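Reader: Could you take me through this one while I have it open? I would like to begin with how the parts are arranged and then go into the details.

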Amino acid sequence: MKFFASGNEAVAMAAFDCGVNLGCGYPGTPSSEILDELSKLGGAAEWAPNEKCAMEVAIGCAYAGGRALVTMKHVGLNVAADPFFTIAYSGTPGGLVVISADDPGMASSQNEQDNRRYAIAAGVPMFEPADSQECYDFMCAAFELADKFRSPVLFRMTTRVCHSKCVLERRKATPDAKKSGSFTKDPKSNVMVPAFAKLAHRRMRADLKTMAQINEEGKYTRIIENSSEFGIITSGIAFQHVLDAAPEASVLKLGMTYPLPLDTISKFASKVKRCLIIDEGDPVLFEQLKAAGIEVENKAEEFRFGELNVARVRKLIAGDDTPDAPGKPGKPPQLCVGCPHRKTFEVIRDLGCIVSGDIGCYTLGVMPPFNAIDTCVCMGASVTVGLGMRHMLPEDEARKVVSVIGDSTFLHTGINGIVEMVYNRPKTGHVVIILDNRITGMTGCQENPATGYHLDLTPAYAVNFENIVKGIGVDNCDVIDTTAEPEKFAELLKTRLQSNDCSVIIARRPCILALAKRSKMEKK
Amino acid sequence: MQITNIVVSGLGGQGVLKITDILAEVIFNQNFDVKKSEVHGMSQRGGSVSSEVRFGEKIYSPMVPAGEADILAVLDVTQTEVALPVLKAGGILITPDDVPLDQLKNPKALNTMILGAISANLPQLPEEAFVTAIENAFPEKLRALNVEMFKIGRNAR
Ligand SMILES: Cc1ncc(C[n+]2csc(CCOP(=O)(O)OP(=O)(O)O)c2C)c(N)n1
Ligand code: SF4
């Protein structure tokens, strides 16, 4: 049957049709819709507190014989890298597919890291779809490959592939039968102590060689034979732009981009006079081909930055590496009118604080009229970066430092920071403000462990922030609605900043979009 | 091979994606090859939003190249200047000034009125297909209003 679907919808359909037993992830643009779609189709899907938890739950599911899908944005894989590198050795009997949704051009991210490097670094096979159809087909192929080698598979998508819609054939008429759970004790395969990991590493490298052979068979590769003058090697969304920009060129389009089919590539390169690599992001293909001694021309450095499009591909081919003239900027996103973060930031700004920020809607507090975020690195960093500043700054400056962190971000990787705070206390103490708007706002209002609902909106236990921070041992913890009582909040914050206490203030008031979501739920 | 490129721009909350979804569905149901692309990320309201639809016999890149849009529709005039470079020379620009705003019963339905104006320039897509797609896209109590606004937009000028 035919559908008009986004890449995210397509992978959800494919995972469902492959009988996936569990999908877990942590929200992050552009990956966030996948698990919602899986759940809507009737698959089991859950939001974990962070990507490492999601990856590990999926690993456990796959150890117990299940097919598991993990979804995250590119930076999420940094958080989940620890289990990822070792599961690459051990593998799982059930089949584990890890989606990394990269964001070249940083439509909604703090960096544009190229996660194809993770496949190489960890020794994990990787698929790179170029449209929704390939999202579907390659997801099915990924689960097959995972079964065959008991290897995790990295599924690398990008913003345009995730969010563009196109026509797709849902090839499996009926879903595969779901695997049932079972566990066979096999410590040599599943317990990565040095003695067993040494064997597993060798096995993994040998398997990668076999996978490269399978990749040579051409199942995941497309070759368009045209000009013998000019050939292009490409992957992912860049392939689509290439077809528009250079209809006369011969094209080798790679679908499984690790381990590479080097013989196929070498043969293609030798048949054309000029052989150019056109892929988005880092020179990941070029470096591998260069190392293999295949003569190819790399894209100019300029094209490593940002997204490609048809016009940029034309320039790239013409050897024109002048940067594009910047267009007139659109209107940047702003905190919604009625957003609970607004009042909090007004008060913080008026007190002249140094604000160690974090990632979420509230990062927009950096914009005028608030100008109330001074650093932002990665999720969870607000608490700990704030502590580092407190250690270093002279006392009167140190007293101005506050950390602000959202509810979802606090649960993601903020809790560890509170432990650090009470363990290695700065002389002046510290103040952490949890911006508890009762939802994961930034990425589209997903549930989290404190909202009281699961991903599929069934009721859940709601984790209690007061209990967590008191349990860890902070000196005091207050809860306040800063919109309703801004003066009281200002007084409280001043008092805490002047003391040497390690304090937490929970600024609690729901996001207006979360309220809209709840009232919709009530109507249903 | 004839490709038609349509870009719709506006601000978050105006329903830009809603009408390109409807448009793409109509095209899909008429058995054209079609792709739709936009960058959505942040949930906050009010930032620029732009969505692109391309259709024809065979479509490759999902993004409309600069200067190649046949139709550019903007839901908020502040976005005209931002989006204009995408329009081809001689292409059709549709702004809220081109539709009878005095007949707009609910400001939230500006998007369907503009969709009407877009549809008037796409004779290969039948009016009934739009009406059906609009009916499918809205809950019961908003259907009649949106079909009405669509028709007013379609018959403007
Ligand atoms: C490691 C990592 N995972 C996911 C994201 C995507 N992301 C950015 S902000 C955010 C959630 C923010 O939620 P919350 O802390 O509750 O703040 P709010 O947006 O609701 O104000 C997420 C999931 C990210 N930037 N980094
Ligand atoms: S989505 Fe919610 S948290 Fe984000 S800016 Fe809007 S009101 Fe604030």
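**Domains, cores and sheets**

Author: In this predicted model, the C-alpha centres of domain 1 and domain 2 of chain A lie 25 Å apart. The domain assignment of chain A places domain 1 at 2–215, domain 2 at 221–318 and domain 3 at 341–523.

Reader: How many residues of domain 1 of chain A are in contact with domain 2 of chain A?

Author: There are 28 residues of domain 1 of chain A in contact with 28 residues of domain 2 of chain A.

Reader: And which residues touch the most other members of the largest nonpolar core?

Author: Those are A:Phe127 and A:Phe155, in a core that counts 72 residues. Helix 7 of chain A (residues 132–149) supplies the largest share of this core, with eleven residues. Because domain 1 and domain 2 of chain A both give residues to the core, it lies between them.

Reader: What is A:Phe127 in contact with, leaving aside neighbours within four places in sequence?

Author: Its contacts include A:Phe138, A:Ala141, A:Ala142 and A:Leu145, and also A:Val153, A:Leu154 and A:Phe155.

Reader: Switching to strand 11 of chain A, which way do the residues point?

Author: A:Ser250, A:Leu252 and A:Leu254 point one way, while A:Val251 and A:Lys253 point the other way, and all of them are buried. Since five of the five residues of strand 11 of chain A (residues 250–254) are buried, the strand is largely enclosed by the rest of the structure.

Reader: In what sense does strand 11 of chain A pair with strand 9 of chain A, and in what sense with strand 10 of chain A?

Author: With strand 9 of chain A (residues 222–224) the pairing is antiparallel, over three bridges, and there A:Arg222 has A:Lys253 as its bridge partner. With strand 10 of chain A (residues 230–235) the pairing is parallel, over five bridges, and A:Gly231 stands opposite A:Ser250. Going from strand 10 to strand 11 of chain A, the chain passes through helix 11 (residues 238–245) of chain A in a right-handed β-α-β crossover.

Reader: What about the open sheet of five strands in chain A, in what order do the strands run?

Author: The order is 14-15-16-18-17, and the pairing is parallel. Strand 14 (354–356) and strand 17 (476–480) of chain A are the edge strands, each pairing on one side only. On average, neighbouring strands in the sheet are turned by 25° against each other, direction ignored. Within the sheet, strand 16 (residues 430–436) and strand 18 (residues 502–508) of chain A pair over seven bridges, with A:Val431 opposite A:Ser503.

Reader: And which strands does helix 15 of chain A touch?

Author: Helix 15 of chain A (residues 341–350) packs on the sheet and touches strand 14, strand 15, strand 16 and strand 18 of chain A, its direction making about 160° with that of strand 16. Helix 18 of chain A (residues 407–423) lies across strand 15, strand 16 and strand 18 of chain A and runs at about 145° to strand 15.

Reader: Over to chain B, then: how many residues of helix 3 of chain B are buried?

Author: Ten of the ten residues of helix 3 of chain B (residues 110–119) are buried, so the helix is largely enclosed by the rest of the structure. These residues pack against strand 1, helix 1, strand 4, strand 5, helix 4 and helix 5 of chain B.

How values were computed: Residues are numbered from 1 along each chain as its sequence is written. Chains are lettered from A and ligands numbered from 1 in the order in which they are written. This is a predicted model: local features need pLDDT of at least 70, side-chain atom pairs count only at pLDDT 80 or more; totals for chains, interfaces and linings use all residues. Side-chain values use heavy atoms; hydrogens and water are left out. A nonpolar core is a set of buried Ala, Val, Leu, Ile, Met, Phe, Trp, Tyr and Cys residues joined through side-chain atoms within 4.5 Å. Buried means under 20% relative accessible area, exposed over 50%, partly exposed in between (1.4 Å probe, protein chains only). Helices (H or I, at least four residues) and strands (E, at least two) are DSSP runs, numbered from the N terminus. Domain bounds come from an automatic or database domain assignment. Contact means heavy atoms within 4.5 Å. Two strands pair if DSSP finds at least two bridges between them. A crossover is right-handed if, with the strands pointing away from the viewer, the path from the first strand over the helix to the second runs clockwise. Axes are lines fitted to C-alpha atoms, for helices over the stretch in contact, and angles run from 0 to 180 degrees between N-to-C directions.
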